[in-house]
Amino acid sequence: MSQKKSRKRNSFRVDPQSSSSDQSEDPSSSSERAQNQKKNKNKNKNQNTNNNKNKNKNKNQNQNKKKTKKKSQKQNNKKTISTFQDFSLDKTIIRSLKKNTIETPNELQKVCLPKLLTGESITMTSNMKSGKAICFLIRAVELLRKYKFRQRNGVGAIVVCQNHEIAEEVNQLSKALLKNQSQNCGVVVEGANKQAEKKKLRIGVNLLIGTPQRLLYHLKQTPELITTNLKYIVVDQAEKFLKAGSDFELEEIFKSIKNRFELSQNNSDQFNKLQIVITSNKKDDNVHQLHNILRRRPKKNQKEKEKEKGKGKGDDIYHYIQMKEKLEYQISENLTQGYVICEPEKRLLLLITLLRRLSTNSKIIICFNSIKSAEFHSEILSYSQIPSLLLYNKMEKLEKNRNILKFKTANQAILCTTCNTISNIKFESVAMLVQYDPPIDEDEYLYTISKFSQYNPKMRTLLFLQPIESHYLKSLKKMKLAIKEFAFPKNLFDYQKKLEKMVNKTYILYNLAREAYRGFVLAYSSHSRKDCFNIQELDLLKISKSFCFEFPPKVDFEKTIKRRNRYKRRRFLNKKKN
Ligand SMILES: Nc1ncnc2c1ncn2[C@@H]1O[C@H](COP(=O)(O)OP(=O)(O)OP(=O)(O)O)[C@@H](O)[C@H]1O
């Protein structure tokens, strides 16, 4: 019994190797053992396959879990980004956004802001007024805050705008966003006093907004302008630069910034670290390529490009975000759109005649292409006993609000303004919108008309065009707009000589007229639609008559235009050489 017990105990303890030694000792039980071994082997096999199956199951389960996690993360991201707090922006920025009635981010901002806030360079393409400026300005303010910029640190961010109207608009938005911050912003544009700008730059500007020529001037001629701490550059509405053929000015700006970095010893690599943001209202292949051109990357062979593609490194190290390809506007069917073709010298007389006939019991808005022009016309209308209100973005807030309220509550009123100013104000019961200077392009025309038709479906619109601007009309008609020609009135109010005398005698009026004339010509020369608005074809003698001058006054805009032409010629010759 003791032996049996010991065997039994051993059998529990024996390992597979020792069993082979047992076989040699007891051959009669070998067949049973072989069968057992087979069974064990089969069992092991089954166990292994089961294990493998379990492993695969686990793998699949893990993968599924990961997928569901990612999905839920994405869903969470979509769900969570509903307010500006979700971007973990500073409270002060959110407060100033709220003050400007910007409480929830729109679709574009939900996509672009996270990328901008992580310091990525991007190109944003989307419809007009879709919140691009707000998006890049939030990043600028956040960046200046983060690095605790002081005036002595100089410029931390630059925004390049195509014309002074856009620059002023961006400046207003930046001022609103920087209200609770210790950083400041400044604008440098053509037509403004250079010495005053230099003085401001000497004291220190953290967010610098400007038109390309004036920016270039200060980069080259103002050594007190500190750019060694620059972190961020924005090119706003890049398609307009390309349309106007002024992208070479952008290249020059980036070149001189690079030179400035190279001159300061410690910052030789800083140019490559710059965050560059490009915005565009239209999808354009050239806008897509602008990033590499501005970065001044050396051109690569086909082989090098293919090699990089294989490694997963493209030439494009920035994100291209396109929200909507086509602009969608809704224009009320009851809206009457019209245009009148008018010789330049008769524009003002036509406007006065029209207003005299129409202004009883109706509200009329007149859009001009520059603030100075709006100011002058408002003044000259009141001298001609047609009282009018004035409205522009740069105005003092109190006066601006007062004028908006006056116009909104009046039964009969005339408002002189610029296109950019009124685009975001809700005006109701307006009888007529007069576009004394045509909007920059068809899209802007459509945008303003559709905005107004929302609140004034039975309104009339009137576009003033000169005979040399017939191309503009063609492009409007291509968009299949129901725009018809209004007959030119036979008896114009004969007032020209009186007006000229009045302007000549009154010092304030004369200065206003001169500034308005200058503003008009500068705005005309910076038009992106060169096929429609060609400064070379503009008859300055006739135009000066519409500003109540007998002869064109002496103003220094020719210098800027000449300089621009010189740049273009040089660039054209360089291209030819290459
Ligand atoms: N999330 C938002 N909520 C409410 N209003 C907004 C929002 N984003 C922008 N806006 C308003 O829309 C208007 C247009 O915004 P913005 O100037 O940023 O657009 P944009 O796309 O840069 O226009 P542009 O076509 O002139 O380049 C501004 O008055 C701004 O206050």
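**Ligand shell and a helix pair**

In this predicted model, a polar backbone atom of Gly-131 lies 3.1 Å from an oxygen atom of the ligand. Asn-281 contributes through its side chain instead. A polar atom there is 3.5 Å from an oxygen atom of the ligand. On its own, the ligand has 630 Å² of accessible area, and the protein covers 82% of that area.

The shell around the ligand holds 17 residues. Thr-104, Lys-129, Lys-132, Ala-133 and Gln-237 come nearest. By type, the shell residues divide into nine polar, six nonpolar and two charged. Helix H6, residues 132–146, supplies the largest share of the shell, with three residues.

Helix H6 also packs against another helix. Two packed helices are described by the angle between their axes and the distance between the axes. The partner here is helix H4, residues 91–99. The axes of H4 and H6 come within 11 Å and cross at roughly 145°. The crossing is right-handed. On the H4 side, Thr-92, Ile-93 and Leu-97 make the contact. On the H6 side, the contact residues are Ile-134, Ile-138, Val-141, Glu-142 and Arg-145. Of the residues in this contact, five are nonpolar, two are charged and one is polar.

How values were computed. Residues numbered from 1 in each chain as written. Predicted model: local features only at pLDDT ≥ 70, side-chain atom pairs only at ≥ 80, totals over all residues. Heavy atoms only, no water. Near = heavy atom within 4 Å. Polar contact = N/O pair within 3.5 Å; in protein donor to acceptor, adjacent residues only side chain to side chain. Areas by Shrake-Rupley, 256 points an atom, 1.4 Å probe, with all protein chains shown as cover. Helix = DSSP H or I, 4+ residues; strand = E, 2+ residues; numbered from the N terminus. Nonpolar A, V, L, I, M, F, W, Y, C, P; charged D, E, K, R; others polar. Axes fitted to C-alpha atoms, helices over the stretch in contact; angles between N-to-C directions. Left-handed = near helix turned anticlockwise from the far one by under 90°. Contact = heavy atoms within 4.5 Å.
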